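Dear colleague,

I am passing on the structure we spoke about, and I would be grateful if you could look through it alongside the notes below.

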Amino acid sequence: MGGLMHPSSMPPTSRPLSHMTLPVTVAVDAMGGDAGLPVTVAASLKFLEDTPEARVILVGLEAPLAQALARSRSPARDRVTLHAASEVVAMDEPPADALRKKKDSSMRVAINLVKDGSAQACVSAGNTGALMAIARFVLKTLPGIDRPAIASQLPTKQGETTVLDLGANVNCTPEQLVQFAVMGSALVTAVEGIERPTIGLLNIGEEDIKGNDVVKRTAELLKLSGLNFAGNVEGNDIFKGTTHVVVCDGFVGNVMLKACEGIVTMLYDYLKAEFTRNPLTKVAAVIAYPVLSAFKRRIDPRRHNGATLVGLKGVVVKSHGGADALAFGYALRKAYAEATHGVLDRIAQQIAAMPAFAPPSQPDADSVAAASADA
């Protein structure tokens, strides 16, 4: 694509970033997700075994949580603290009800632990809309950020690309999309050590004349932002790894993400059907097994689980509701990495360096719940 700089063609900019010296504690909504305790407890203990400096606070219904932990023989149990909550947010519960009526839910208590400093990050596999509403209301947004966005890393030919927003904000102004670009840039800089990551604006073409008025205005603002704006990118550029960060509104981002999930599922089904079609193809499957296993591992969505609610005054990571222990473990790793690498400070510094951003007003409970209802 003309005018775009591929990450691999840019000079090395990685430099070691200072980590937090104190142990990082992650608050886990142990009741969230389709499976709940069997997944969250097992994943938390495995995460602690692999991360000696970390601690975990498991939040949930007291008796079931204690029983689940008692069944484990993990050597990391001494770094787990149980925190009781009397309520659970259902996966299909309206965000407004979760926010206003369940103030002692495991989700809200876990987020409260981040607010009061008992934990440096929160992970939940629960109701996405409820998590966004509660996190936004309890933690509030960073100065200069109008709305938090959902950001995640997608696998590419070059490694990974951070994409945001993936569903939190269906309608966005150009100024808010620029804020997303700032947050995505800060996230990549903090976690990956890339000092000036490239930013791409998702569009229907690379030319400046393409796109609607919001996208065109966003491109104009990004050119003036001081960010490393590489220009418009198309959907196929995401998986080429054309830029380190791709910015879009939540409607486009969520449709793109769900389409990608569907394609991966279809490919799995096609391969399985072809390799089990007859005895000859079954023999071929046995011969090709090492290659198929490597391919499966490379595109396994579980290894990219975890989306950050970026822009809040605290690290909150949303795991897929259907995550197994392996996938939930990756969400825990992501939360830990963001807490240790000072993502919040990075975002605040970059926003402060852009005086055109006006400080947003903090929302009340009703407006937060309404904005998160479709998340």
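This is a predicted model: local features need pLDDT of at least 70, side-chain atom pairs count only at pLDDT 80 or more; totals for chains, interfaces and linings use all residues.

Residues are numbered from 1 along each chain as its sequence is written, and side-chain values use heavy atoms, with hydrogens and water left out.

The sheet is open and has 11 strands with mixed pairing, in the order S3-S2-S1-S4-S11-S10-S5-S6-S9-S7-S8; helices (H or I, at least four residues) and strands (E, at least two) are DSSP runs numbered from the N terminus, and two strands pair if DSSP finds at least two bridges between them. Strand S3 (80-84) and strand S8 (228-233) stand at the edges, and because each has a single partner strand, one side of each lacks a neighbour in the sheet. From one strand to the next the twist averages 25°, where axes are lines fitted to C-alpha atoms (for helices over the stretch in contact) and angles run from 0 to 180 degrees between N-to-C directions. Strands S6 (residues 159-164) and S9 (residues 245-247) pair in the parallel sense over three bridges, and Val163 has Val246 in S9 as its bridge partner.

Helix H7 (residues 213-223) packs on the sheet, touching strand S7 (198-202) and S8, with its direction at about 165° to that of S7; contact here means heavy atoms within 4.5 Å.

Beyond its neighbours within four places in sequence, Val163 is in contact with residues including Ile150, Val246, Cys248 and Met256.

The structure holds zero disulfides, a disulfide being a pair of cysteine sulfur atoms within 2.5 Å. The sulfur of Cys172 is 8.6 Å from the closest cysteine sulfur, in Cys248, and is therefore too far for a bond. Cys172 is buried, with a relative accessible area of 12%, and Cys248 also counts as buried, at 4% relative accessibility; buried means under 20% relative accessible area, exposed over 50% and partly exposed in between (1.4 Å probe, protein chains only).
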